[in-house]
Amino acid sequence: MTRTDLSGLQIGAATAAVQIEGGDPGNQWHAFAQRPGRIADGTTPTPATDHWRRWREDTDLMAELGLQVYRLGIEWSRIEPAPGRVDDSAIARYREELTAVRDHGIIPLVTLHHFSHPTWFDELGGWTSAGAVGRFLDHVERMVSSFGDLVAEWVTINEPNVYATQGFLFGEFPPGRSGAWRDIRRVLHTMCRAHCLAYERIHDLQAHAKVGVAHHLRVFEPRRRRNPVHRLFARTNAYLFQEAISHALLGGRFPRVLGRQPSDVCPGRFYDFLGINYYSRSAISGMRDGRFDGVPVNDLGWEIYPTGIVEVARWLHDRYPGPIWVTENGTADAADDFRSRFIVEHLRAMVTSDLPFERYYHWCLVDNWEWAEGHTARFGLVELDTTTLERRVRRSGELLAGAIESGAVTDELYRDYVAGSTYRC
Ligand code: FCB
């Protein structure tokens with residue numbers, strides 16, 4: 001039996017502004033990417049996919065694929081290029097795009113911070129400064145007043161844990177710092193507080209809004225299950241990387257490891273959906289991520305572990321019940337050899353579980369600029385020719401479109417797109 005019923009899910013794709021738009025020198029990634037050695041292939045976020053100019057074509061592509069929902073980022077530095085100065089033409093441009101998305105019957109979910117912000121925000125101390133919260137809340141308020149008639153679903157912040165560790169522990173994202181533990185803690189505290197207050201602020205302005213955070217969750221397992229050191233590190237990594245901040249983000253309860261309980265956040269409920277970005281599993285024997293031997297992997301060497309999507313969702317849902325939106329899930333597969341299998345196995349794990357999965361946003365629509373990986377990692381349902389910027393729907397894009405249309409991965413779809421494919425180890 002290969003058929004998988006998807007009728008309870010709304011399905012679409014997710015993107016982030018810096019990764020697709022191109023041509024915005026005002027965010028902190030622009031300068032970071034110019035520094036030698038920062039980006040794997042030496043590219044910068046311009047032109048990325050040139051979506052800023054080609055958004056009509058991309059919106060039509062989404063409609064062609066039959067997407068029901070679309071998660072996109074709006075670039076803060078375009079809206080507020082200098083502190084307090086608003087660019088009305090940027091607002092108008094995003095309004096045009098959001099209107100077109102809605103006209104196709106696609107529900108937009110807007111991310112307010114997805115790893116990028118104006119360079120002036122960093123010059124004022126970035127997320128390590130306490131003033132960051134007020135600056136972010138002003139931005140949030142402007143966003144809701146500018147787009148609230150077109151958007152009712154918001155992700156406040158994308159993956160605070162990835163932002164903090166990549167930027168302040170591993171040095172792979174701006175500001176490119178390493179081992180800055182005190183600042184990691186400060187950044188996480190500030191982002192969690194910003195999320196809680198933004199959750200309240202959005203609801204004050206738009207009572208019917210649905211607001212959440214896109215939380216990156218991995219499966220952490222001891223490399224050798226009997227080894228107590230591996231077990232201890234697996235627990236510690238899971239706690240420090242994702243569990244402690246779950247309590248702050250969703251329950252407004254700040255565990256000691258993050259610092260003091262903020263005086264302006266009372267424990268409560270700070271989510272309308274559980275946004276989960278899920279990609280992989282880690283085999284842990286120390287502080288760094290590792291991988292089990294002989295497991296299926298993608299082009300970046302990340303393990304493909306479909307049942308993990310249910311494991312991480314269960315951990316969260318047991319503590320914070322609510323509808324689950326998979327705000328990102330996808331894989332780097334330039335040859336499109338196994339993406340269809342990847343999609344089907346993750347969807348199947350979700351819908352055959354007893355958890356209330358409501359949405360699935362595939363990462364991503366068109367191959368994009370993958371941060372420090374540049375254009376070397378290909379996550380798209382649609383292939384990008386980086387020279388001509390032409391788009392071509394991949395077979396995995398056809399598979400997802402077929403599954404949306406049928407409300408199921410039918411036996412025929414399985415046979416045509418999945419049966420003949422295998423993962424590589
Ligand atoms: C997530 C990011 C997203 C993309 C995918 C591959 O951590 O949120 O922007 O880079 O990984």
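Me: Helices (H or I, at least four residues) and strands (E, at least two) are DSSP runs, numbered from the N terminus. In which strand is the place of Arg218?

Reply: This is a predicted model in which local features need pLDDT of at least 70, side-chain atom pairs count only at pLDDT 80 or more, and totals for chains, interfaces and linings use all residues. Residues are numbered from 1 along each chain as its sequence is written, and side-chain values use heavy atoms, with hydrogens and water left out. The strand that holds Arg218 covers residues 210-222. Its name is β6.

Me: Is Arg218 buried or exposed?

Reply: Buried means under 20% relative accessible area, exposed over 50%, and partly exposed in between (1.4 Å probe, protein chains only). The relative accessible area of Arg218 is 15%, so the residue counts as buried.

Me: Which side chain makes a polar contact with the side chain of Arg218?

Reply: A polar contact is a pair of N or O atoms within 3.5 Å; within protein, one must be able to donate a hydrogen and the other to accept it, and residues adjacent in sequence count only if both atoms are side-chain atoms. For the side chain of Arg218 the distance is 2.9 Å, and the partner is the side chain of Ser282.

Me: Which residue has its backbone oxygen 2.9 Å from a polar atom of the side chain of Arg341?

Reply: Arg341 is in helix α12, residues 339-351. With 13% relative accessibility, Arg341 counts as buried. The backbone oxygen 2.9 Å from its side chain belongs to Ser421.

Me: Where does the ligand sit?

Reply: On a 1 Å grid over the protein atoms alone, a cavity is a set of points where a 1.4 Å probe fits but cannot get out, while a pocket is an open set with protein on both sides within 12 Å along at least five of seven lines; lining residues have an atom within 4 Å of a point. A molecule sits in a cavity or pocket if more than half of its atoms lie within 2 Å of its grid points. By this rule the ligand sits in the largest pocket.

Me: How much of the accessible area of the ligand does the protein cover?

Reply: An oxygen atom of the ligand lies 2.8 Å from a polar side-chain atom of Gln19, and for Glu159 the distance from a polar side-chain atom to a ligand oxygen is 2.5 Å. Glu370 has a side-chain N or O atom 2.7 Å from an oxygen atom of the ligand. Of the 290 Å² of accessible area that the ligand has on its own (Shrake-Rupley method with a 1.4 Å probe; for residues, only the protein chains shown count as cover), the protein covers 95%.

Me: What is the phi of Glu159, about?

Reply: Glu159 is in the loop between β5 (153-158) and α8 (160-168), and it is buried because its relative accessibility is 5%. Although Glu159 is not a glycine, its phi is positive, about 45°.

Me: Which residue does a cis peptide bond join to Trp363?

Reply: The cis peptide bond has an omega of about 5°.

Me: What is the omega, about, of the cis peptide bond that joins Thr46 and Pro47?

Reply: Pro47 lies in the loop between α2 (28-34) and α3 (51-65). The omega of the cis bond from Thr46 to Pro47 is about 10°.
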